[in-house]
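Please read them with the structure open.

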Amino acid sequence: MCGIVGYAGSRPATPILVRALRDLEYRGYDSAGIAILGSADGEGVEITKRVGKIANLESALDASPGSEATTGIGHTRWATHGRPSDLNAHPHTSCGGEVVVIHNGIVENYAALRSALIARGHAFASETDTETIAHLLEERTKSGLSLLESLRLTIAELEGSHAIVAMSPSEPGAIVAARVGNAGGVVIGYGEGEMLVASDLAAILPHTQQVAFLAGLQLARVDRSGASFINGDGSAAAVEPRRVPIDPVSALKGQYEHFMLKEIMEQPEALSDTIRSLVTLEPAGVHLDDLGPISERLSEVRRVILIGMGTSLHAAMVGRAFIERLAGVPAETDNASEFRYRDPVIGAGTLVVSVSQSGETVDVLEAMAVAKAKGAMQVTICNTEGAQTTRVADGTVYTRAGLERGVASTKCFTTAMVALYALALRLGEANGHLGPGQLGDHIQDLARLPDAAARVLQDHAPYKTLANHFYDARHFLFLGRGLAFPVAMEGALKLKEISYIHAEGYAAGEMKHGPIALIDRGFPTVAVAPAHALRSKLISNVEQIQARGGEVLAIASEGDQEVAALANHAVFIPAVSEFVEPFVATLPLQCLSYYIALRRGCDVDQPRNLAKTVTVE
Ligand code: AGP
């Protein structure tokens, strides 16, 4: 889950690489580094790398003489093998300085490779698995092979999944790249007289929207005049560039202090864009244009398994309820990292729905590979055009949230739920569970969602006040029932990931079976209790907490004085239909987490130890 970039063109590479690393920093920020081909003296490779955030790298670069070199590579690291340090930062080079490498993934057999290399006389400078790749490449380039051929032969020796980018002074102006498995994508960007290579689109889009994606076992060689591609067996690969429709301006933070706040506030528009792309009001209809062959097979679906990780798994949990209720089809959810290893039973008529905003999460991709091998129909919910999940699934339902940069997912959660709502409606329509009148009613409800979301987000004063009150709590319990249960889980995840407060999300009915022992004044509870979410049952839970001296913040529907009177604090959300409640109930929890993290002085957009896209196990 590191960020990778390479540039080969006619402009000075350093500022382009540094800017790209800023765009990729959300993938990891344990260290950052660049290498340029042609040092200040015009010879060899010059590497600058520093532990910590990009700012440290920038300071180091400011202190050294500027270089006009026009070819270079850069990396922002999320540490796996080897602690974060200057030495372990990428790029890595071989002992002879013949080759310089950046890498995303884990060389699972690196210990054996390293021992063998040491036995052959190689000296290692770092503790990383990546350095073995540089040494293996150097052995081959020294024997006269081209850098691309050396990389092709080297990847055959590596276990695991990888994205690798390398260059060498022996091939000035050129960069080679390989993608092996699902550890991370490799995107090639086609500029005017310049080419880019990156782990994802964020680094490419400021320069060009003309891109090509490497598939599972493919390699590329780029120089300023273009790109050539081969497969792992050495044959020529047919990789065609295409234009991706993402507006680079949306990547900017605009008026907001943090991407997370910007993305929270973008939700009414993101929801509206997603809804408009999937349904029509008059005549009422659901139009899932990217479902591919699955659109003809929906009536065959007898069982649905929804998979995802983190926030996307919580969206999947809401989707499960949508599918059962609206399509009458048995549905279950599974954590993709469990699903991939548990040899799941997939019979005829099983539809696997994966949810992944990035479409690059390795556990999701591996789970999809298992589902594919077992013959499941597959649909993926994704926010990234052309992402890997969309190329594995039979069909895709795209969300239209725009780029999400905050590590804490916000708008991609709510828009994924829209996509799942639309998929459930389409499934219910196809199998006859849903009548035309009901379909129309649901679409009307969805159409009201952006406005209800905007109302929740209008006034942040209550969230700031609550944050001031709760910011020094050490633990939080989040409770919900029915459709509000995944919302409670998501509320707890948001709080813990950005504020580092321990938080647990529980099905409220479970509370009496253990968690209630924790309750005291210093262990506040957030009760997600809108009108439809088994409200009366949840009221009993709130009473039980109150009886034990616990402090309760309730998320309640407008006008619900009974819940407000029971709780110590209440935030009201607009009264909406049952299926729209999870969307509007989520927004106060996102705001609460944001302001608590802000009040605690946390790094909201780049929480410690996390990365936006998790491309390692
Ligand atoms: C949530 O805020 C996190 N960023 C994380 O749980 C995330 O949802 C998870 O890593 C899955 O990512 P994906 O949607 O890109 O697959």
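**Notes on the predicted model**

1. **Pro283 and its cis bond.** Pro283 sits in the loop that runs between strand 15 (279-280) and strand 16 (285-286). The peptide bond between Glu282 and Pro283 is cis, with omega at about -5°. Keep in mind that this is a predicted model.

2. **Pro91, also cis.** His90 and Pro91 are joined by a cis peptide bond too, and omega there is about 0°. Pro91 belongs to the loop between strand 4 (71-77) and strand 5 (92-93). For context, most peptide bonds are trans, and most residues other than glycine have a negative phi.

3. **Asp343.** The phi of Asp343 is near 50°, a positive value in a residue that is not glycine. Look for Asp343 in the loop between helix 9 (336-339) and strand 19 (350-356). Is Asp343 buried or exposed? Asp343 counts as exposed because its relative accessibility is 56%, and the cut-off for exposed is over 50%.

4. **Tyr500.** Tyr500 is not a glycine either, yet its phi is positive, at about 65°. Its loop connects helix 15 (484-499) and strand 23 (502-507). Tyr500 has 27% relative accessibility, so it counts as partly exposed.

5. **Overall dimensions.** The protein has 617 residues and a radius of gyration of 25 Å. That agrees with a compact globule, because a chain of this length would then have a radius near 25 Å. Along the principal axes, the C-alpha atoms fill a box of roughly 75 × 55 × 45 Å. The secondary structure comprises 18 helices and 26 strands.

6. Of the 617 residues, 60% count as buried. Take the contacts with a sequence separation of 6 or more: 71% of them join residues 24 or more positions apart.

7. **The largest nonpolar core.** This core holds 93 residues. Which of them touch the most other members? They are Val304, Phe322, Ile381, Tyr421, Leu449, Phe476 and Phe478. Helix 12 (residues 411-430) gives the core its largest share, twelve residues. A further core of 26 residues lies apart from it, and includes Val5, Ile34, Val211 and Phe213. As background, nonpolar side chains in soluble globular proteins tend to be buried together.

8. **Phe322 in detail.** Which residues does Phe322 touch, leaving out those up to four places away in sequence? Its partners are Ala327, Met417, Leu420, Tyr421, Ala424, Leu483, Phe579 and Phe583. Tyr421 is also one of the core members with the most contacts to other members.

9. **Ala212.** Ala212 is part of strand 11 (residues 210-213). Its relative accessible area is 0%, so Ala212 is buried. Beyond its neighbours within four places in sequence, Ala212 is in contact with Val186, Val187, Ile188, Tyr190, Phe229, Val239, Glu240 and Pro241. Ala212 and Arg243 are 31 residues apart in sequence, and their C-alpha atoms are 8.6 Å apart in space.

10. **Ala508.** Ala508 is in the loop between strand 23 and strand 24 (525-529). Glu404 is 104 residues from Ala508 in sequence, and 31 Å from it in space, C-alpha to C-alpha.

11. **Leu87.** Leu87 is in the loop between strand 4 and strand 5, where Pro91 is also found. Leu87 counts as exposed because its relative accessibility is 53%. Excluding residues up to four places away, Leu87 touches Lys49, His92, Ala125 and Ser126. Leu87 and Ile54 are 33 residues apart in sequence and 16 Å apart in space, C-alpha to C-alpha.

Key:
Residues are numbered from 1 along each chain as its sequence is written. This is a predicted model: local features need pLDDT of at least 70, side-chain atom pairs count only at pLDDT 80 or more; totals for chains, interfaces and linings use all residues. Side-chain values use heavy atoms; hydrogens and water are left out. Helices (H or I, at least four residues) and strands (E, at least two) are DSSP runs, numbered from the N terminus. The radius of gyration is taken over C-alpha atoms; the globule rule is 2.2 Å times the number of residues to the power 0.38. Buried means under 20% relative accessible area, exposed over 50%, partly exposed in between (1.4 Å probe, protein chains only). Contact means heavy atoms within 4.5 Å. A nonpolar core is a set of buried Ala, Val, Leu, Ile, Met, Phe, Trp, Tyr and Cys residues joined through side-chain atoms within 4.5 Å.
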